[in-house]
Structures are given as structure tokens and as C-alpha cells.
Amino acid sequence: MNAATGQLGGVKVSRQLTAWHIGFLLLIILFCVFPFYWMVTTSLKTQIVALGTPPAWIFEPTLANYTEALFEDKVGASLINSLIVAVCTTMLALMLGTPAAYALARLEFRGKRDLWFWFITNRMVSPIVLALPFFLLVRQLKLLDTHIVLILIYLTFNLPIVIWICTDQFRSIPRSLDDAAKLDGAGQFHIFSRICLPLAAPGIAVSAIFSFIFSWNELMYALVLTRKAARTAPAIAVSFMEGYDLPYGKIMATSTLIVVPVIIFALIASRHLVRGLTMGAVK
Amino acid sequence: MRIMSYLGAAASAIALTATMATNEVKAWSLEEAAKPYAGTEVEVVFLLRPGYEAAKQMLPEFEEKTGIKINIIDHPYENSLGEQVRDFVAQGDLDIALIDLVWIGNFAENEWIVPIETFTSNPDLADPELDIDDFFPLVLNAFGGWNGTVYGLPFDNYSGLLFYNRCMLEEAGFDGPPATWEELKDTYGPALTKDGKHAYALQSKRNETQSADSFARMLWPFGGSFLDANFKSNLLSEESQTGLKFRQDLMQYMPEGIVSYDHAETVNGLAQGDVAMITEWSAFYSTLTSPETSTVTDCLEIAPEPAGPAGRKPALGGFSLAVASQADEDEQAAGWLFIQWVTSKANAKKYLELGGVPARQSVYQEPGIAEQFSFVDALVESWQDGVPEFRPRFAEWPQITEIVQEWGTKIMLGEVTTEEGAEEIGSRMEAVLDEAGYYNGDKPLAQ
Amino acid sequence: MTIFAFLGPAVVTLLAIGIVPLGFALYTSFHRYQLTNLKKTPFIGFDNYVTVLTDQAFWQAMGRTMTFLLMALPLQIVLGLLIALLLHQPGLSLLKTLCRLSLVIPMATTYAVVGLLGQVMFNIKYGVINQMLGWIGIGAINWIGDPTNAFIAIAFWDVWQWTPFCALVFLAGLSTVPAEIEEAAKLDTNSWWEIVRHIQLPFLMPGLTAILILRTADTLKLFDMVFTMTRGGPGSSTELISLMIQRVGFRGFDQGLASAQAVILLIITIILSQLYIRHFYSEAQR
């Protein structure tokens, strides 16, 4: 556990290093969190205070923006929509993607590399251009403004992420484990689900976090394909940007409401990250 | 005896028919007209602006009287055209079209909207009190009319007005607002631009604001225009160039980075006391007079926009509501009833009081209105003088406005001269019009 | 047959969802497809493509986007790697967990919100950035209204938002390095750089390739944040290629031209990705 010290130096070096270590970590935390902090404080300001010069650090907070956003502007409903869509599409992506990643990592077949590349390219086409055909198609199928539509369309960028990250994760699991299980008479699926899947937890956790975040934050398709019933949170947030006035307080309140659930999800998922890492160390 | 009873019967029969006849003539009422359509749902796109909030507050009354449900889909202005175009192309749900004055040519030529004649000639649906002449002619023509046909009734109406900070002007020694643009630049500009404050701010952000508010506003008062009689670019004419150069010169009295100022920033500049004068849409009246959003409520004054050598040509903008042709018969009728009702003479006062700006001449002549709403005098005056083609309204405007936005901002940034910018806009504009068939006679020269 | 069972569902899903719209886009790219003039949609072959490839504005936008990529991506990779290494060190577990959690915040923030936040924070008058610069004696900078500064501002936000992504991907990659090898290396040398270069790098390569491909593709698609902050302005200084496509497709309603642009963009992305893979990934092929 004293890896930081090396052969020379001893305690003094380790203290110095630790001080730097702490310093940098704090700096990173500050850098990441400050804009978020500014967002939250702005959300507690009235419009006049928010737009005053110079910006105020100390002021009288108000919850009016939040109550207005949640109840008058239906932000609450949109958060639920976002939650439904993000959770479902992430689960779907994991269910479809992890077996595929396993196959790409373990099984040999012709065209494997091309298949892998094709998966990735699905993420590369600009949603701006695909928005119209999706709209026309969805309209024909009378699925406009439904959750299922977004859940499926988001797979075009979630599935590639899951496959990508998990393929590498599966590759790093030693084949010896597979072989041992085969000797015991285990089938391919058993090996996949009982042995490799748990060991791939960090990768799965990371790809789940990313998938959830990207789905939660997706804007273009949500704007075009939803109206009222399935409107997601980012779509509502930008609808305040009429350009006619600057309800920054309200926009920041909505933004805070949007970001908080994702952070909670990351909290839940990152526990698996930690577990995965320590598992690797304590072989 | 018999004769008496016959006469009595005849008399009462005549009396009955007479009353029935007069009742029929008198009895157009909204409730009656809407009876066959009770339960119909009508979809429409609304913006998040004061006029629409006013309409939303009036809705329950309409829905109660008619049983017709109006489903409102809110969108920021930026997305509203795209939403409607996509919906019409895909044979979607929208039953009423919200038409910015610059979209009317587009919508009409694509036959996405129904001329009001269809409804005004139908005695079941037409309100005898419609009084279409009560609308300001300029507004009705510009917002709802295209190529001689009226499609929509003006709903959300704006004029450019000069909002100014009387206190700042008085401090600098002025006892009134500038009457001409030259005065604003040469006299008021230097006097009011000091100590971190600026005399004037012109919203110029690279979206419709640049085309409508910044570019067009400096063309017309100087005698310039987008197109000449042959639909070729008129931007290189002496008058247009004078206007554009004037704008460049005026920039020295505007805040830094004015090219990134949209309506919100400009209005906020005045509201926070940093800018002395702005020429903005009438709708901002409520923002500037509310203590929640403005610190200059006591000093705020309103006047018509300054005049140029070619006269006073204030900015013109607004939206009309028209019935969408993709709606089925019931929805069309229900939609028409709503449009007619919300823009009616009877409702104009309530609309005004709730924060909207109606286009009915009668409401502004009522006693007490001008005192209660300080923008009324300037507004009425502006709507007498305006130019319907303030921005050309033909179907190709969406492409052309993009060109104007790009090069208009480049001119302001000094990346190209006014001549070069005008040249670019002109040639690209003509390319678009050429492709659309205006120059070989395929399309009539309507704007 | 197990191959089909494992891969089948994913392949079928993506085919079903992805192919039709892409096909439509391709189809419209060969026609004149103006949403506001759908009465006439003649087949025009490669005309749209020629227009795009000879349009100065298109190449300028591409140039801007590439400059942006070259500015932001190396920064994200380097910073991300440093952060990952820092988090990979043992000890200080509470602080590290806190750090890992706070890394999620930038990635989790909706891109459009980042743009709006940018408007608030970088505003010349009521922006906190100028306020803080004032504390160290630098005068108020016009961020959003100045072409160069606006570009720097959007690059800043891109770095802020995606460095955590790089860090987490690298961290996952570092977790695949067998602990024994790492321990052995640490006994051999004190230099962390040596350890990185010789021991950890091969395990980081897949992650690096992933980052390169994803960030390149995403930058070419980058829209929300820039749009809400600057709308592509002032002038055209922050009009990245995606904003241009949106302008053509959503505002000019020329779906045919926009599709051609998107297809060309897709081809460019594929070429770049193949280059990345050939260069970086194949080294790590096991």
C-alpha cells in the first residue's frame, strides 16, 4: 500500500506527494463543481439580482423559480419522462449490448472487426439530418410523442457505447477462467452470465453511466419527436429560451433539477466501479 | 265567429313567422354556431410571449361556451416555423397555423392554409360582428393577407417603438426623445454615451433579430429596400448604402459586442439603466414597466421610432392565426370559431388588459385606454405609417433571411464593408429567387 | 450458432432503427428536396454533393470544426489521463470518491444548459468569469461578442465537459492492468512516466482509440452547447459544421443539401476513425 514512496525517500517524499495529491484532487473537484455551484446559486436569485452588475455572491435566496418551474411549467412531468426513457433505454442497451460485446471479445468469426466498426458508425450520423426521416416515419406509425419512440431511437447511440466499452472489458478477463468453467461442463451462455459478466462490472457500470447520461441529455430528437405527453426535461429547459426575456433564474432552476437525478444515478452506479477496481487488485 | 278565429289564427301565424324570421337574423351566437363541434379538439402552436399568455387566460371562457378544446403546444419562436413546416409536410395534427408575417407567402403558396372566405361566406360560422375593416389595414394586409387573399386574422401584433429613459435624457439636457435618426446619432449619441453608459442599443443577434430588427430597420427610413421593382437586389443603391453606413456609424454609441445582443439583452440594458434608448417591439412594454424585471419603471417613456429622410418607417412584426388545410371539416370549423373569437372586437379590450396587443382600431379609440397603456399613442401612429414589405414575405424568405443574418452581422463586425456585404447578400438572394422562378415568369412578383 | 444468439438481437435492432432514416437521408441527398416546396423534387444526381464540396462556407465551417478539435481534444486527453492516473493511486479513498463523483457533474450537465450557463458566466457585464478576472487585475473581456473570444469560450466548455469522460475511460482501462505487473514495475522504477509508457499504455490504447473516435464524431456533431451560447456568432466565428447543417436543414429547409452535407461528414468521420484504429488500436489487438 505504500507504492507511492518507491525505494528512495521514505516518509518525507510520501508526505510531499500526498500533499500534491490532495491539492490536485481538490483542484479537480473545484473545477468540476464551480459551474454547477454557479448554476444553483443563480437559480435561487430573482431576475433582477441575476442580471445585476457585478454578479452577486451573497444575496437573499428565493425558491420561487423552483416552484414555478415544477408546478407551473410542468418540469416535474418532464423529469419523469426523462427518467422513464433513460432507464428503459439503458437497460435495453445493456441487455442487447453485453452479449454482443461478449461475442466480439470471445468468439472468432469472419468480419468481426467490420461488424464492430459498423456498430460504432451508427453513432456518427448527425441527428439533425435524421430528425426529419424519423419524424416522418414515426408519424406514419402514429407513435409521435410516446416514450417508446425515444427509447428505441436512443439505442442508435447507446448500443454502440455499451458494445464498445464492454468488448474491451470482456477482452481483459483471462481466458483461463473460461477454460476452467468449460472443463466443468459449462455452456457458453453460463460462462457469459455467471463468470464474465460479474467480472466486467466496471465496464458495464461505466457504459451504463454514459448511456444514461447521453439519453437523459439528448435534445434534438426529443425536440422533434415529442410534443406534450413525452416531453423530456432538456426539451423543456430550452423552451424557456424564447429570446424575449432572460428567465435565467428559472432556466438554472430547471437545469439543476435536470442534473440532480443523473448525479444520483452515477452515485448508484459508481459503487460498482469501485467494487470492480478493488476486485482487480485483490486477485 | 269563424272569420274571427280564422283571422286570429292567421294573425298569430304571421306574428309567429315574423318573430321567427327576426330571431333567425339576430341569433348568430357562438354557442349556437359551436354546437355541432362540441368535443372537437384543436391543435395549435403558441409562443411563450405575453400575447399568448393573455389568450391562454381567455381560453376557459371559450371552452365553456363551445365545448371545443384548444390544445396548445408551446415552442420558442426559433423552433415554431420548423415545427409547423414539418407537421404540414407530414400531414400531422395541427389545425390552426400560427403565421409570422414573413411566413405567409410560404404557407399560402404551399396551400397549407385556408382563405378566410371559406368561413366568412358560411352563415353558420361567420360572426356578423366580425367587422374586418376594423382591423388596421396595414396589419391585416401584412400579417394575414397574401397576393390579394386574406388567410388569417392578426393575433399577436407588434410595432417597433422607441423606449427611452426620460431621467437619463433630462440629465443630459434633453426635454424629449429624438425625432429623427440623424438627431439620435449626432446629438443624443455623444451626450449620452459616457461613464459606462450608452446612448442606444440595437439588437443584432444572428437570427431573425438581425434581419428584422437590425438590418431592415436601417434600410427603409433612408429610402432603401431589399428589392427593387424587378425583384433584383436593391441593397447597393445609394439609399440602402446610406442606411447601412449609418448603422455602422451608430455602433460607436452602442454597447460593446452589440452583435451578440438579442431582444432580451437589449431590453435588459434599458431595464438596468445602462442604455438610454432602444427601438424594440411593443410587446416589451410589460417587461419594462414591471418592478420585477426593471429598475427604471418610473423613468420609462415611449415614443414612435425616429424618422429618416424617407419618413417614419417603424419595424413591423406580428402573427396571424389561420385555419390549416390539413385539418378535417370539424376541426377547421372549430378552429375558425376560435380564431374569430379571440381576435374579435368584443374581446379586444380584455386581450389588451391581459397583456396582449390587439389590432382592432376600435379598442384604441375607447376612452381611458390611451392613458392606461402608455404605448397606445405611439403604436397607433406607427401602424399608420408602416411598410408591409418591411421584410419581404415571400415563400423563400426562410432561405433569404439566413443570408441576411450571416452577412448583416459580418458587416457589423467589420469583416466586410457595407458594399461588399450588400453585394454578397444581393447575389445570393438573387440566386435563390432565380431558382424559385421569379425571374422567368414562373412566379408572380409578390412580396 | 451461439454467435447469432449473442449478436443477433443487437444487430437486428440497429438495422431496424438505423437503416430506414439513413436511407431516406441518402435518397433526399440525390434530389432537390425543399420542405417548403415539395411539389417539385427532381432527381439531380450528385448536384447537391457538388454544391457542398464547392461551397466555401462549408469548408470554412469544417476548418473551424477541425481547429476546434485540435484545440480541445489533446487537452482533454492529457488532462483526462493525468486525472485517471491520480485516481488510480491508492489511498485517500474518501477524497478520490468525492473526486470521481464530481467528475460526473460536467458530463451529466445537459449540453444546452452548458451553453446557457456559458451565457450567464461569460457575460461581459454580469458574468462571474469577468468578475474573477477582475480580482487578478485583468479588465473585462468581451467573450460572447468577440469572434476569437467566443471560440475560446466554447472550447473551454468542451474541455470542461469532456475531460471527465476521458478520465473515466482511462480509469476503466487502468483497472484492466493486472496488479502484479504494476507492483513489479513500481519496484523497478520511481518514474511514473516510465510506468505509464511501458506498462499501462497498451491497456490504455483501446480506451484512447475509443476516445479519439467518439470525440471526433461528437465534435463533428457538436450542436446544442454552441447553439445556445452563441448561435454560431458573432458573424460566423463559432459556426461549427453541425450548426451549418442545422441552418441549411432546419432553417433553410433544404433537406437535400443538408443530407448531402451529413453524408460527406459521415464519410470523413469514417475515414478518420479507420485511421485512428489502424494507428492506435491495432497495437493493442490481442
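A polar contact is a pair of N or O atoms within 3.5 Å; within protein, one must be able to donate a hydrogen and the other to accept it, and residues adjacent in sequence count only if both atoms are side-chain atoms. This is a predicted model, in which local features need pLDDT of at least 70, side-chain atom pairs count only at pLDDT 80 or more, and totals for chains, interfaces and linings use all residues. Residues are numbered from 1 along each chain as its sequence is written, chains are lettered from A in the order in which they are written, and side-chain values use heavy atoms, leaving out hydrogens and water.

Select chains B and C. Between them, 8 residue pairs are in polar contact, both residues at pLDDT 80 or more. On the chain B side, H19(B) gives the most residues, 7. That side has 7 nonpolar, 9 polar and 14 charged residues (Ala, Val, Leu, Ile, Met, Phe, Trp, Tyr, Cys and Pro count as nonpolar, Asp, Glu, Lys and Arg as charged, the others, Gly among them, as polar).

Next, pick B:Arg206 and C:Glu239. They form a salt bridge (a side-chain nitrogen of Lys or Arg within 4 Å of a carboxyl oxygen of Asp or Glu), with the closest N and O atoms 3.1 Å apart. The count between chains B and C is 4 salt bridges.

Now select chains A and C. The rule finds 1 salt bridge across this interface; show A:Arg123 and C:Asp218, whose closest N and O atoms are 2.9 Å apart. The side of chain A that touches chain C has 80 nonpolar, 18 polar and 5 charged residues.

Definitions and conventions:
Helices (H or I, at least four residues) and strands (E, at least two) are DSSP runs, numbered from the N terminus.
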